[in-house]
Amino acid sequence: MDKKEFAKGFVSGAMVIVLLVTGGKSLSFLQTIFGGEMSMDTKINMIEEYIDRYYVEDVNKKDMEEMMYTGLVAGLGDPYTSYISAQDLQSFMDDTTGEFVGIGIEYTKDPTDGSILVAASIAGSPAEKAGIRPNDKIVKIDGQSVSTMDTQQVQNRIKGEEGTKVSVTIYRESTGETLELELERAQIETTTVKAELLQNQIGYIQITGFKEKTYEQFMQAYTDLQKQKMKGLIIDLRNNLGGLVDVVSKIADELVPEGTLVYTVDKQGNRQDTVSDAKCIEVPLVMLVNGYSASSSEILAGAVQDMGAGKLVGTQTFGKGLVQGLYFLRDGSALKITIQKYYTPKGVCIQGTGITPDYLVELPEEYEYVMDIPHQEDTQLQKAIEVIKQQL
């Protein structure tokens, strides 16, 4: 018998000893005696009483309380809704600015197995230096499985004080490898926009996320390309998992004609439209998307496609059509709650399905990471250039 089987048997045996105190009565008999509804307060008080009376180790009541709130919200089964403790709230707020201490990855929760699916490692970050790649799956953090953690719990564990270390267990599906990595947390400063002028006077802007400063960075890049007399524009949203809705709405307003660029519907069925003005891009526009283009990226892609402002090239997008709101509690903690579903201008909610590009184009199989592909071998980029050249 191995150790695990022995442990199972020992636990079962111990429990039998406790049950024997009841005189060997069956479970149904006990439920008949003790069964009945209990209020939440009564049940919590009873659980605390049993723990205080019998639990053999010291008890940290504050940790228990925080975990209770976490579990209460986790019971919704929505990985995007979470309780944020006062201790972790500042870390969460820092992430929206694009400056934080951590290992430097963009990630999402894989709904198929609960692992953390890496979309990108930030340039110069501990994750990039350790060789963490897109499509890698983080299955454990400091030895604990991530399958039961929501995205906020994952973020809380990955981030920490600068110079401290965190261990991650990586499963690399492409090779079947399992890697144990120890990374030292560092200050991460992300530039979410990069731009260059390609041949034929075609502008190229890559947006890796929608943080507080992304609109200003985008407008600087856009203006610089206009000064260079660009004749067409490619916006690369591949591996962009989203971000702030108000930021992406401002960028979309620069690109699409007058009308509704996205609308949301809440629990009560109330509809809220975000509209754009008549000013829009005056050169041919193509957007690059893939399976890691999610949330706010899909808002932008959906607006461009539905309003006829440009074409999409790449593969099916991720399919996150949900909007979260942040609600602060009096003790300094907060709740991040899914409060709305969003719809593209033509009334499509892409939750769980994603957006189908106008031109479905796969990348060469020999490249695992889209950002490693030279421009001349990037089949999606080359198709985007072709589409623009046909309009010049």
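Start by selecting Lys62 and Glu66: they sit 4 residues apart in helix 4, so about one helical turn separates them. (Helices here are DSSP runs of H or I with at least four residues, strands are runs of E with at least two, and both are numbered from the N terminus.) Before you go on, know that this is a predicted model, where local features need pLDDT of at least 70, side-chain atom pairs count only at pLDDT 80 or more, and totals for chains, interfaces and linings use all residues. Residues are numbered from 1 along each chain as its sequence is written, and side-chain values use heavy atoms, with hydrogens and water left out.

Now show the side chains of your pair. Lys62 and Glu66 form a salt bridge, 3.4 Å from N to O; the term stands for a side-chain nitrogen of Lys or Arg within 4 Å of a carboxyl oxygen of Asp or Glu. By that rule the count comes to 12 salt bridges. Lys62 is partly exposed, at 46% relative accessibility, whereas Glu66 is buried, at 16%. (Buried is under 20% relative accessible area, exposed is over 50%, and partly exposed lies in between, using a 1.4 Å probe and protein chains only.)

Next, pick Lys137 and Asp113. Their side chains meet in a salt bridge at 2.9 Å, N to O. This pair links distant parts of the chain, 24 residues apart: Lys137 is in strand 5 (residues 137–141), and Asp113 is in the loop between strand 3 (105–109) and strand 4 (116–121). Lys137 is buried at 9%, while Asp113 is partly exposed at 40%.

Then hop to Glu182 and Lys165, a salt bridge whose closest N and O atoms are 3.8 Å apart. Glu182 is exposed, at 56%.

Last stop: the second largest pocket, with a volume of about 840 Å³. Select Ser85, Gln87, Asp88, Asn156 and Arg157, the closest to its centre of the 27 lining residues. (A pocket is an open set of points on a 1 Å grid where a 1.4 Å probe fits, with protein on both sides within 12 Å along at least five of seven lines; lining residues have an atom within 4 Å of a point. The volume is the space filled by probe spheres set on the points.) Which helix gives the most to this lining? Helix 4, with 7 residues.

Key:
Points joined across faces, edges and corners; volume = space filled by probe spheres on them.
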